[in-house]
Structure formats: C-alpha cells, structure tokens
Amino acid sequence: MAAAGSMVSSAPGRSALAWVMAAWASFVLLPWYKVEGGFLSFDWLAQPTDATPAIILALGGRPWLLPLVLPLLLASWLVARNKPKSLAIAGAAGLLWLAIEGFSIIHSGWGFGLLTQVAGTPGPIQPGLGWGAALYAVAMLMFIAEALAARGWCKGDRFVVGSLSIVIASLILFVAYPLLSILTSAIKDNDGNVVPALFVEKIFSANIWSLRCLYGEGSCGVAWNTVAIAVLVGFFCTALGLALALIALRTKLPAKWLLRGLSILPIITPPFVIGLALILLFGRAGIVTNLMSVHLGIPRSRWIYGMAGITIAQVLAFTPIAFLVLVGVLQGVSPSMEEASQTLRASRWRTFRTVTWPLIRPGLASAFLISFIESMADFANPLVLGGNFNVLSTDIFFAVVGAAHDQGRAAVLAIVLLMFTLAAFVIQRRWIGSRSYVTVAGKGDGGVPATLPKALRIGCYAAVVPWLVLTIVVYGIILCGGFVQSIGRDNTPTLEYFLTAFSIEKGVNGWFFSGSAWPSLLMTIGLALVAMPFTAALGILTAYLLDRQRFAGRTMFEFLAMMSFAIPGTVIGVSYILAFNVPPVQLTGTGLIIVTSFIFRNMPVAIRAGLANLGQIDKSLDEASLTLGARSFATLRRVILPILKPAIVTAMIYSFVRAVTAVSAVIFLASGRFNLATVYIVGRADVGEYGIAIVYSAVMIVVMMVILIGIQLLVGERRLGRRRAGPEAVVAAI
C-alpha cells in the first residue's frame, strides 16, 4: 500500500517535470516562427532567421517574446517545490501573453487600430507562429490540466483532465475561432463597417423565410427548402440504413459481402459524380429519358433538377453512413434479451417492437441526425441538380464567389443553418431521453440474435432492393462512362480518357507517372491517410469523455464538437482562409490546413458512432478495471477500445472517404503544390471533359475500396463472446 501510494503521489511530479522540460525546449531549441521549406529542412539551424528559437529572437530584436520566459521560471520553481496546484497560474499567464503578443503584432505591424493610434507608428512585424510556439502552448495548457487534476477535478484523473483540455483547446482553435472569423462579418457591410441594422434586414429576409409556396404564389424561402429536403433525407437514409443492417445481420441472405459492398459504394464516391450519373440517366437527354420517350411516348422533362433530384442523390450518398452507424449498434443488442422475450411467448414482431427497437434508439437518433446534418451541409449535389431550387449551402457559395460577393449574407445564412442544427440536436437528445440502453455487460452472452418477423423481413427487402438496383445502375454509369466515347450516344469503347489521366511511361531514368491525374491522386490519398487516424482518435476520445465523464458545460462541449459538421464546407473553407491566412496561426497554402480541415470536419461522425456504441457498454466494465488498479487510460485502451471496433471502423472509413471526396471546403484551401482529386475532377467537368472526370472517379472508387478493406482487416472484428448462427454468422461491418 505504501509503495502504491508513493507511486501515485510521485506521478504528477514526473508528468509536470516532463512538461517543464518540453516548454524549455520549445523556447530555447525549436524554431519559434513558421519555417520556410518545412521544419525538416533544418535551414533554421544553419543560419539565424525568423525561425530561430524564441530566446535568441527575444534578445535580438523581438523583446515582446521575453515575458514568455517568466511562466517557465514560475512553473519550474513550482515543480521543484512540489506545488502542482499552483501550476495553473503559470499556464494561464503563458497562454494569455502568447495570445496577446500573437494578435497584437502581425505580419503588417500592429494588429489593432488602437495600438497604431497610440504608438503613432505602423509597429513591428512577426511571421506566423511555428513548432516552438505550438509546443509552448501545449505545455502551458498541460500545466493548467496538472493543476486542475491536483485540485480533484474529474476525480483527480490527469489523463481525463488532460484529454479534456486538449480536445477543448483544439475545438476552440480549429472550430470556434474560424467560424467566429466569418460570423462576425454578418454584422458588417462589404467595407468592414459594423452595421447591426443590415444584419437584422438580412436575417429576416423573405428570401430565407418566405412560405409563398404553400399558397401557390411562388417559391418558399431557402431555409424551408433546406429543412424539407433534410427531413426527407434523414428519414429515408435512417430507414434504408436500418433495413440494410437488419438484412446483413438478421437474415440468411447468401453473398452478404456483395450487399455490403454495394451499400458502401456511395460513400466512397465524390458526391457530384452521383448527381452527374443521375443526369446521364434521367436528364432531358438521359438514357432512361430517351428510352421512355421513344418506346413509351413519355415526354421529356426536367424533373430531376430540383427537390426530387437532390433528395434522390443525397439518399444514395448518405444511406451508407446510416448503415455504418446502425450495423454497429445492432451488433451490440444482447441476443439473450430477445431470447428471454420469446421464452415468455412473445411473438417475433412483439420482441422486435418491445426489445430490439428500444435498444437501438440511440443508433437511430444518431443516424437521423448525421443524415439530416449531411443533407443540410451538402454542397455538391444541390449545385449539380438544384436548378432553380435553392438551398442554404449553394446560396452561401454564390454569396461568397458570386458577382455580388456578399460575405455578410453568407455569414447570415450560416447562422440560420446553425439554428436548424441546434434544433435537430436538441430534438435528438429529447427523443433518446435518459433511459438506459446498456446491452454489453461484464458477463458472457451466449444468445443467438432473433429471427426477423416475416412482414418486417419482406418490408426490408422491398425497401432495399430498389435502392440497390438504382445504386448498381448509377455505378454502372460511373464505372463504364469513362471507357466509352460518350455514354448513351456513342458507346464505342475507348481508353483515351484513362490514358490521359493515368498513363505510365518509360523514360531515360525508368518508368514514371505521366498521366495528368497522378499528382492530385497521390497527394489526396497521402493527406487523407495522415488525417484518418487523428480523426478517429480525436472523435473516439471525445465520445469517451462525453459518455463516461460528467463535467460542467458538457452539453455545450458536445455541440461545439458537432458544429463543424453542420456548417457547409464552403463556409469552412472561407472561414479557414480568414482565420489562418495571417499570423498568429498562419496555415494557408500548406498541407497542414487541409489535414486540419479534414480532421475537424469529419470528427463528428466518429463522435456519434462512438456515443452510440458506448451507450451499450455497461459502466461496470470500467469500474471493474479501475478496481483492479488500472488507470483510466489503460481501461480505455484494454477494455473499451476493443469493444468499440465497429465505431473505430466507422470513424476511419468515413474520415478517409470524406477526405478523399471532399470538394466544397478544399476547393478554397487547395494550392498549386497541394492540388486534390476533387478539385481536379471539378476542373475537368467545368471545361466539359466528362470522360476524364468519370474515369478518375472510377479509379478513385477502386483504390478506396482496396484501402477500406485493408482498414477492416487492420482493425479487426469486435468479439462479444456470442454464439454464431451457423454458416450465416454475423460478420463485422465494413
């Protein structure tokens, strides 16, 4: 006991000492400002530049950096005196001065007009902060976490307090700060003047809130158009996702791998490509339209452009997300509960209605919320299929890049979108309620999942088969359209488009990639693979903190984590440019800004999938691990994460796919050095090179499918110690 107590008491000292050493290294050894050519170029070691360590810069002409050493001295003294409870003073002082000097002195002089007036000069300049400043900020943040843990926050668990600190700080920097940068423009005119009356006029505009369509006098406002489509898409995606999950896990349908493969295809496709395929099928000159006109005499129409076309495209694109969430939740339903119901002579339908359905409510709510938000934030499909039917995301895009360039209107529309997202968030929480949905406990479960009622099974097939048929047709168009001259008109086979994009030639120095699409494809996959593990880790960690910890501001914390998912990628891209184009955090033009946007744009799906699965895991497992002496980090790593494999797979798959297929945000963030696949495809489609655009999409689908299979094999399958139902055993979700 004495040894254990000694070990626990000394642990904070070792941890705090490590952060003190890291902070001194950041100030004395690492480059303080942004390194031209990259950190690994080592140019900053060869000669004094702006990227030299802070201590040298402070003594050589930038004295405003010198006060940053005072928190380091204070922290060192407190650690030496074993006073961790007071480290918060040093951490807060360091972060405060870092923020003050970073925003007050920028690349062009004083960062605030008041400072210019007081000083009477343009002021000194400094570049964007670099790796040294980043490590210094993290160390200061960890000093605060050490102090809070020493004072008993979160039961004194340093891992939990530190994780909360890192996640909250990351969300503030990469979600709240960029959005604040663009939302503040809602009360400004195009010249930057604050005009509150203009904000009131814009937010109550009839173009946003009009209900004239209900009276047959015109079209409804863009807000109601967006909500109507989002509700329809949320309902259909959740229903189809549940039907797919039930068929995959509760029926003896042969070749389920084919069902899973078809259900995952839409999620690995650039969204505007689905819209393009629908136009090639159902447009005025589409394949199906031509057949119906010639053989059935049905006149040509433009029905695919508008609400119907957007809804179909989004249901095709977002149903797999609902399926990935629901299949993990359905796997977690305890078969023994269903067997107990049938033992008490309940029918299969009553068992499903009274046992299975209530237990999967968190998954249903999460699937609907994700589909609803995805629909509201979708930009590509409404841009391709919208026609005269406007939605919030496209209106925001045209407000930013259109001839009017009304950034204030874009900000107002973003606020409206946030309002609807918050409403959906609140409704979801109320529908789930405070009931318990635990199905995975510490004891074994040898039950076999209940067979579906016949009527429900038929209903699932009736819903899924048309969706699968349309999916097959759409992907037939995508996979074949790039290998014919002009699909539907001239179906002569050709490799012209493929060789233009992906040719490989042999030169003097050997083989090389000569196709025009190779650089963007390799760059996109590389950045997506970098972002993928960070997205999954940060999302699952956030879900763990939300589900297993109780702290003040938990609801606001969850909403902040979900906020980036609700904002259209267009707004994310513009807000990142406004926030990170100039010091103190200068990321524009780098690969880091693209990776960061990937992480925080896609993290909410990992959070929702993690929460849905954690809601089924009894907290007695955590308690048993802690009772046996394991700390919270060991409990998370050894007990919780193995059971969360479906959520991990969902997070990694969604993160990778969305990073590769993202278009609305990265179209603003991509640069000549960091050109991405979707930007390349949009560029080819914009000049009418549809063959190259489609063949590129087909190659992306094949490459991503191979990588996704590798992710599934790497993560593995969750083992719950349950019996398998013969040769048609339940398999893990792709």
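User: Which residues of helix H17 are buried?
Analyst: This is a predicted model. Helix H17 covers residues 348–359. Its buried residues are Thr351, Phe352, Val355, Thr356 and Leu359.

User: Within what arc do the buried residues of H17 fall, seen down its axis?
Analyst: The buried residues of H17 line one face of the helix.

User: How far apart are the end C-alpha atoms of helix H17?
Analyst: H17 has 12 residues. At 1.5 Å a residue, they should span 16 Å. The model agrees, with the end C-alpha atoms 15 Å apart.

User: Which helices are included in what covers the buried residues of H17?
Analyst: The cover over these buried residues is made up of several elements, and the helices here are among them. They include H11 (222–250), H15 (307–331), H16 (335–343), H18 and H22 (454–481).

User: Is Ser366 buried or exposed?
Analyst: Ser366 is found in helix H18, residues 361–377. Buried means under 20% relative accessible area. Ser366 has 2% relative accessibility, so it counts as buried.

User: Which residues is Ser366 in contact with, leaving aside its neighbours within four places in sequence?
Analyst: Ser366 sits in helix H18. With those neighbours left aside, its contacts are Val325, Gln428, Arg608 and Ala612.

User: What kind of pair do the rings of Phe368 and Phe372 form?
Analyst: The count of aromatic pairs comes to 23. In the pair of Phe368 and Phe372, the ring centres are 6.0 Å apart and the planes are at 25 degrees. Planes under 30 degrees apart count as stacked. The pair is therefore stacked.

User: Which residues do ring pairs link into a cluster?
Analyst: One of these residues, Tyr680, also has Arg684 over its face, at 5.1 Å from the ring centre. The cluster links Phe483, Phe498, Phe502, Phe513, Trp518, Tyr680 and Tyr696.

User: Over which ring does the charged end of Arg302 sit?
Analyst: The charged end of Arg302 is 4.5 Å from the ring centre. The ring is that of Tyr305.

User: How many contacts does the stretch of residues 1–11 have beyond near neighbours in sequence?
Analyst: The chain has a mean pLDDT of 81, and 89% of its residues reach 70 or more. Over residues 1–11 the pLDDT is below 50. Where pLDDT is low, the predicted coordinates should not be read in detail. Beyond near neighbours in sequence, the contacts of residues 1–11 in the model number four.

Key:
Residues numbered from 1 in each chain as written. Predicted model: local features only at pLDDT ≥ 70, side-chain atom pairs only at ≥ 80, totals over all residues. Heavy atoms only, no water. Helix = DSSP H or I, 4+ residues; strand = E, 2+ residues; numbered from the N terminus. Buried < 20%, exposed > 50% of the residue type's maximum accessible area, 1.4 Å probe, protein only. Contact = heavy atoms within 4.5 Å. Phe/Tyr/Trp six-rings, centres within 6.5 Å; stacked < 30°, edge-to-face > 60°. Lys NZ or Arg CZ within 6 Å of the ring centre and 35° of its normal. Expected span 1.5 Å × (residues − 1). Arc of directions from axis to C-beta. pLDDT = per-residue confidence, 0-100.
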